[in-house]
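Welcome, and thanks for stopping by. Let's walk through this model together, one question at a time.

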Amino acid sequence: MKKKKSFGFVLALVLALSTVLAGCGGNGKSSNGPSKEQNAVQSDGTVDVSKLDPVTLKLYLIGPNQKDLPKVQEEINKYVTEKINATVDITMIDWGDYSQRMQVITSSGEDYDIAFTSSWAFDYLPNAAKGAFMPLNDLLDQYGQGIKEVLDPRFLEGTKVNGVNYGIPANKELAQQFVWRFNKKYLDKYNLDISNVTTLEDLEPLLKTIKDNEPADITPLAVPKNFKPYLPFDFVLGDEIPIGMYIDTKDHKYVNILESPELKAALQTMRKYYKAGYVREDIATLEGIDNMKTGKWLVDREITQPYAELGWSRSAGYDIVTKPMHQPIIYTSSAAGSMLAISSYSKNPERAMMFLNLLNTDVYLRNLIQYGIEDVHYKKMEEPYIEDLPAMQESYAMPGFALGNMFLTYLHEGEPKDKWNAFEEFNSSAIVAPTFGFNFDTAPVKTEVAAVTNVAKEFIPALYTGSVDPDEYLPRALQKFKDAGIDKVIAEAQKQFDAWKAEQK
């Protein structure tokens, strides 16, 4: 899964969108009476396809283009035609190009129907705010009842913008939890006990053992420049910007995290680790690290989900185990990690919602779009397991997390049968961040946010990785952030949060 990114982007006054979108069918009704889609929905929720004209839905999805997509799409269309008298035309756009391409497509006014969006790609909030996506509340009530039945309601609640949903989140892990991820080979070799390892400081004796006994090319703490020590804060602009609210806050106040005792202690520890050689010497400029591929590491940091160790171990080819740093937490950004939105220019929003409802409730369709065709791309084993055939990796390797309800998907050998039940339990066990559902409109302080972001790029990688002395550089960073206007940003975030919280009562 993709990592957490800031969910506090620019928010415009979206209430004005109701006027802009009135002619786009956003409420699923016709000015001349009930639409054909409304007439086709029976009292039991089933669809009378004979009452529907055929339509084609244009979809943009994230990920590399797949050679066998046309073949799979043909099978999808046979099925979807039977269900809602619609066909789909799917275009894949690769990871690095997706956001930019979709902005161009949106700006052109193309009348596509459905697109992938999230808190990290084709950013959900600003695009909802500026009218790229259609309001979905009425469409959900009329044609998406299945979605509302199967989806954890916190997904929809956490992705509302001024009370309106503009996307359908994928049913997957809702909470986020950081773990220390260990190469079990070295734990076993030196009989290292991780049962009491939680904090950054707890790692020290383990790191020292590896440094003292292994060759120099074995990295004890294998992290790149974007490493952040875990801090107990709910960040308002992502963990690159040091503004947050304590997870266990009593006063609900945003603070400058650079002034917190937790960060100061973490910086001292990282400086100690850097000087001891527990991290790479070039860590402050290290864009990525290939520790999983080489196996020459003891511990790194990752965001987990139930049974993630099994997937990581299978991918790496050796055993990996983990130790949580904290209880699972549900952030606003967590809910928007993977979503599908209906374009405000869609000519068929009702049918698009019908398709999304199928994608989130129909086992056959959900697995067809992810795994391809049975006995071509995979073969079924004992229920609910499948085995990938060579054609899947060679011609149809789709990003499953981006395609709707994960809880409907087949399992692979080695995955426990209760995997999706474990996801539900994981979500249920989580605590809710104090600002869950709050979205910061940075427009009033956009100049200061830009300036603060530039200061963060200058100081955060070196400070957080221990590459510089915090006694010298932390005061410099603090002053630079204040000169850039961080206090004004904090004040504006607090003002908006207080107003939002008052409305929740």
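**A guided visit**

Visitor: Is Phe122 buried or exposed?
Guide: First, a word on the model: it is predicted, local features need pLDDT of at least 70, side-chain atom pairs count only at pLDDT 80 or more, and totals for chains, interfaces and linings use all residues. Residues are numbered from 1 along each chain as its sequence is written, and side-chain values use heavy atoms, leaving out hydrogens and water. Buried means under 20% relative accessible area, exposed over 50% and partly exposed in between, with a 1.4 Å probe and protein chains only. Phe122 has a relative accessible area of 0%, so Phe122 is buried.

Visitor: How do the rings of Tyr98 and Phe122 pair?
Guide: Rings of Phe, Tyr and Trp (its six-membered ring) pair if their centres lie within 6.5 Å; planes under 30 degrees apart count as stacked, over 60 as edge-to-face and the rest as tilted. Here the centres are 6.2 Å apart and the planes meet at 80°, so the pair of Tyr98 and Phe122 is edge-to-face.

Visitor: How many residues apart are Tyr98 and Phe122?
Guide: Helices (H or I, at least four residues) and strands (E, at least two) are DSSP runs, numbered from the N terminus. Tyr98 sits in helix α4 (residues 95–107), while Phe122 is in the loop between β3 (114–117) and α5 (124–129). The pair links distant parts of the chain, and the separation is 24 residues.

Visitor: Which backbone nitrogen does the side chain of Ser118 reach?
Guide: Ser118 is in the loop between β3 and α5, and it is buried at 0% relative accessible area. A polar contact is a pair of N or O atoms within 3.5 Å; within protein, one must be able to donate a hydrogen and the other to accept it, and residues adjacent in sequence count only if both atoms are side-chain atoms. At 3.0 Å, the side chain of Ser118 reaches the backbone nitrogen of Trp120.

Visitor: Over which ring does the charged end of Arg476 sit?
Guide: A charge sits over a ring if NZ of Lys or CZ of Arg is within 6 Å of the ring centre and within 35 degrees of the ring normal. The charged end of Arg476 is 4.5 Å from the centre of the ring of Tyr473.

Visitor: What radius of gyration does the chain have?
Guide: The radius is taken over C-alpha atoms, and the globule rule is 2.2 Å times the number of residues to the power 0.38. With 505 residues, a compact globule would come near 23 Å, which agrees with the chain's 24 Å.
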